[in-house]
Amino acid sequence: MFRKILIANRGEIALRIVRTCREMNIRTVAVYSTADADDLAVQFANESVCIGEAPSAQSYLNMDNIITAALCTGCDAIHPGYGFLSENAEFARLCEENGLVFIGPESQTIEMLGDKARARALVAQHGVPVVPGSDGAVADSASAHVVAQRVGYPVLLKAAAGGGGRGMRRVDRDEDLDASLDEACAEARACFGDDTMYVEKLIVNPRHVEFQILADEEGHIIHLGERDCSVQRNHQKMIEESPSPALDESLREEMGQAAIAVAAAAHYRSAGTVEFVLSGRNFYFIEMNTRIQVEHPVTEMRCGCDLIKEQIRIAAGLRLPLIQSQVDMRGHSIECRINAEDPQHGFRPCPGTVEFLHLPGGNGIRVDSGLYAGGVISPFYDSMIGKVIVWAPTRLEAIRKMRRALEEMTIEGVDTNLDVVHLIMFNGDFLRGSYNTGFIEKHLDELLDIARLTEKVETGAVDMNAEHRKDE
Ligand code: ADP
């Protein structure tokens, strides 16, 4: 097993990784930018190294500084977390070349799956359904027109190197395609330095359902069930839950097998996530993420495992500790992402200082965050500052628990989306589990009407009792 791991990340995920390493008796090195010297991960890691100035390009994306920090502190491995360099094949290769184990898949796998057009073509060859669209990338606007006319409008133009919903454009009419293609290419070039595009049919208001995969070096692959991540704003997830209210056992089995087929086709090793859009009972592969996901705790709560620990064990060459039939998924788990943003002004990011903080606790509640009173939320990084995760035997009990947790949670000094996710826990469509990726847009006015929250909190228990009796 590794003796010392460098964590090439910050915030809640860096702290999350430090915690598992400590439990595994592995020493940790936190790296930080000049803006993050007071990060909790820096305080709890065994050692820490400043790797540059606040802008990510000079610190968390500075491969040479990170590799040098790992070598100077005698690390054997690097955990990249999510975002930053976690899906950067060049960084994984640099680790390999410097005798450091990259905790994730091999660099060639990251490269192949990171090209979403190539990944699509590969999995289609292995019989996994993909959204109707182009075979790989489209060379020019003329071929994009041909594909779009073949599959029928509306279509989505997507960047092969895309992520975080960037480089993606919806096109409703043939005459709009050229302008949207120019826009999407420009965004993709700016974000990823690569404007390779592909075309998919737009599935109208699908659900986003993804499967957690674990695969070891010997080629054993298991899945740990699904997460429903359909509550999204601008293609960014806000709430995730497992199991998905949309799957029955037979669909779960079918999608789980498809997810395993994707991992097998890619000769995958490590933890990974296979993402699908689901429309009725039809599901289509959209991409495989080669890192730990923000929403991984939802899966951990249900299977009682530690996915970071499994990633580390796999990277150290160990076998999976269980086979598919031993995977024991129980109860229901929900996660709400907490973002430092102002919902009343287009959800714009709201950096600042946390003046007062109270985190919820109690049975079945987990809070993953790097927050503390007096801590500063930096304008340089993502506005996602923490996650509240609950577990309960049934979905309804999990919703009640989430309501209670959010009621208790207090963050003063910065604006957050706390009230918005809290209101979602009272929304009729959400309670019925009948929601899709259009949910937030559909209910936006109601979800911004924060004045209604107090009344909901006071009368909510009554609604829930009625729902509960119906359920029983
Ligand atoms: P990114 O890597 O940028 O996050 P994805 O391919 O994972 O992009 O898609 C992000 C979200 O966009 C999905 O969760 C889903 O809501 C939506 N989406 C992607 N492809 C389609 C599609 N073909 N039809 C409808 N919605 C889609």
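Q: Which residue in E7 is the bridge partner of Leu 157?
A: Arg 169 is the bridge partner of Leu 157. Keep in mind that this is a predicted model.

Q: How many bridges join E6 to E7?
A: Four bridges join them. Strand E6 covers residues 155-159. E6 and E7 run antiparallel.

Q: What holds paired strands together in general?
A: Strands of a sheet pair through backbone hydrogen bonds.

Q: What is the strand order in the open sheet of three strands?
A: The order is E7-E6-E8, and the pairing is antiparallel.

Q: Which strands are at the edges?
A: Strand E7 (168-171) and strand E8 (197-201) are the edge strands. Each pairs on one side only.

Q: How many degrees are neighbouring strands turned against each other on average?
A: The average is 25 degrees, direction ignored.

Q: Which helix packs on the sheet?
A: Helix H6, residues 116-125, packs on it. H6 touches E6 and E8. Its direction makes about 50 degrees with that of E8.

Q: Switching to helices. At what angle do the axes of H4 and H5 cross?
A: They cross at roughly 175 degrees. The axes come within 8 Å. H4 spans residues 89-97, and H5 spans residues 107-114.

Q: And what does that make H4 relative to H5, roughly parallel or roughly antiparallel?
A: Roughly antiparallel, because angles over 145 degrees count that way.

Q: Which residues meet there?
A: From H4, Ala 89, Ala 92, Arg 93 and Glu 96. From H5, Ser 107, Ile 110 and Glu 111.

Q: How do the residues of that contact divide?
A: Three are nonpolar, one is polar and three are charged.

Q: Now single residues. Where is Ser 180?
A: Ser 180 is in helix H8, residues 177-192.

Q: Buried or exposed?
A: Buried. Ser 180 has 11% relative accessibility, and the cut-off for buried is under 20%.

Q: What is Ser 180 in contact with, leaving aside neighbours within four places in sequence?
A: Leu 157, Arg 169, Arg 170 and Val 171. Leu 157 and Arg 169 are the bridge partners we began with.

Q: What about Ser 59, where is that?
A: Ser 59 is in the loop between strand E3 (47-52) and helix H3 (63-72).

Q: Is Ser 59 buried or exposed?
A: Ser 59 is buried, with a relative accessible area of 0%.

Q: What does Ser 59 touch, not counting residues up to four places away in sequence?
A: Ser 33, Ile 51, Gly 52, Glu 53, Ala 54, Ile 66 and Tyr 381.

Q: Which backbone oxygen lies 3.2 Å from a polar atom of its side chain?
A: The backbone oxygen of Pro 55.

Note on methods:
Residues numbered from 1 in each chain as written. Predicted model: local features only at pLDDT ≥ 70, side-chain atom pairs only at ≥ 80, totals over all residues. Heavy atoms only, no water. Pairing = 2+ DSSP bridges. Helix = DSSP H or I, 4+ residues; strand = E, 2+ residues; numbered from the N terminus. Axes fitted to C-alpha atoms, helices over the stretch in contact; angles between N-to-C directions. Contact = heavy atoms within 4.5 Å. Parallel < 35°, antiparallel > 145°, perpendicular 65-115°, else oblique. Nonpolar A, V, L, I, M, F, W, Y, C, P; charged D, E, K, R; others polar. Buried < 20%, exposed > 50% of the residue type's maximum accessible area, 1.4 Å probe, protein only. Polar contact = N/O pair within 3.5 Å; in protein donor to acceptor, adjacent residues only side chain to side chain.
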